[in-house]
Amino acid sequence: MAFKVIEKNILKASEDTANENREVLRHNNVFTVNIISSPGAGKTSLIERVGPVLKEEGVPFTVITGDCFTTRDAERIDVLKIPVIQINTGNACHINGQLIKAALKDVDLTKMDLLIIENVGNLVCPAQFDLGEDTKIALFSVPEGDDKPVKYPLIIKQSRLALINKMDLLEHSDFDVSFCEESIKKINPGIETLLISCKKDEGLDGFISWVKENIKIKKERNR
Amino acid sequence: MHEMKFAKDIVDILEKEIKSPEVGRIKTIFLEIGELRYIVPDILIAGFNAVPKNKKLKDAQLDIVVIPLRVKCKDCGMLSIADKTNLKCPVCDSDKTELISGNEITIKGIEW
């Protein structure tokens with residue numbers, strides 16, 4: 001019987017690719033967010049609402065949207081004349097760094113300030129994989145229930161921003177906003193939480209300011 | 001579902017590590033997996049058994065140790081086991097804590 005010590009991080013290859021992506025994005029001053037939520041929480045709706053405003057305000061950006069096998073999300077964004085790249089993961093439950101690396105070859109990073117990655121709808125697996133983003137954004141919604149942060153803490157831990165969408169449905173549900181906000185803070189005290197409604201276009205100014213502020217910070221840091 | 005991806009990564013890493021002729025047929029692969037990784041050991045084992053692999057790895061068993069989530073408080077200095085849903089210091093309730101363990105996903109070693 002013999003033994004060999006290995007001490008290798010299983011995610012090393014994934015992390016190396018993510019770091020390569022991060023370096024390319026840093027070099028080009030592209031602030032990058034990786035939006036993660038359950039299916040149907042409103043990732044595409046958020047981009048549909050916020051995209052045209054950012055476009056009007058002259059923020060150059062691209063969306064990479066991940067889906068198992070359809071192009072439905074990309075079509076919804078393309079209609080708005082927003083540059084979008086569809087990644088089909090072929091039934092895989094998350095986007096990985098390799099897929100982002102390939103997609104980045106198709107865009108002119110020198111003409112972008114912002115990259116929005118819309119991950120596959122899933123609160124478990126995408127939280128495990130670094131794509132090279134500046135931060136993940138955890139998106140929840142009222143109909144899912146106020147216990148989602150407690151049930152999926154890793155995504156909260158890795159995000160600098162949490163969004164609670166579909167606030168317009170609050171009156172029809174027993175969703176406890178302060179319980180949800182408190183449980184988010186317990187897992188990650190540094191996180192910012194915004195209450196929004198994509199349907200009614202409420203609270204989105206706060207999100208747009210957050211994005212613009214972070215673009216500015218990234219540019220200043222690289223100067 | 002992400003267990004399958006990790007199972008494939010384990011095989012990819014080990015196939016490089018065991019090329020040397022002195023390494024025989026692997027009996028056990030020792031893994032450490034942090035609690036925050038949401039990995040179900042039985043699914044990882046099933047995934048590992050299903051992934052194609054070379055002769056040396058074919059009969060290997062996974063020995064998985066789940067590493068608890070531990071935080072160190074920056075205020076009172078205490079090292080504590082924390083709950084996944086509450087990373088505050090259980091001793092003084094400070095929210096200034098540093099994650100010490102719980103995030104690992106490591107191949108520690110192999111036995112043959």
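Student: Which residues do ring pairs link into a cluster?
Tutor: Phe31(A), Phe207(A) and Trp210(A). Rings of Phe, Tyr and Trp (its six-membered ring) pair if their centres lie within 6.5 Å. The model is predicted, so local features need pLDDT of at least 70, side-chain atom pairs count only at pLDDT 80 or more, and totals for chains, interfaces and linings use all residues. Side-chain values use heavy atoms, without hydrogens and water.

Student: Why is the pair of Phe129(A) and Phe6(B) called stacked?
Tutor: Planes under 30 degrees apart count as stacked, over 60 as edge-to-face and the rest as tilted. The planes of Phe129(A) and Phe6(B) are at 25 degrees and the ring centres 5.7 Å apart, so the pair is stacked. The pair crosses between chains, from the loop between strand S5 (114-118) and strand S6 (135-141) of chain A to helix H1 of chain B; helices (H or I, at least four residues) and strands (E, at least two) are DSSP runs, numbered from the N terminus.

Student: How do you know whether Phe129(A) is buried or exposed?
Tutor: Buried means under 20% relative accessible area, exposed over 50%, partly exposed in between (1.4 Å probe, protein chains only). Phe129(A) has 3%, so Phe129(A) is buried. Phe6(B) has 1% relative accessibility and therefore also counts as buried.

Student: What makes Lys53(B) lie over the face of Phe48(B)?
Tutor: A charge sits over a ring if NZ of Lys or CZ of Arg is within 6 Å of the ring centre and within 35 degrees of the ring normal. Lys53(B) lies over the face of Phe48(B), at 4.8 Å from the ring centre.

How values were computed:
Residues are numbered from 1 along each chain as its sequence is written. Chains are lettered from A and ligands numbered from 1 in the order in which they are written.
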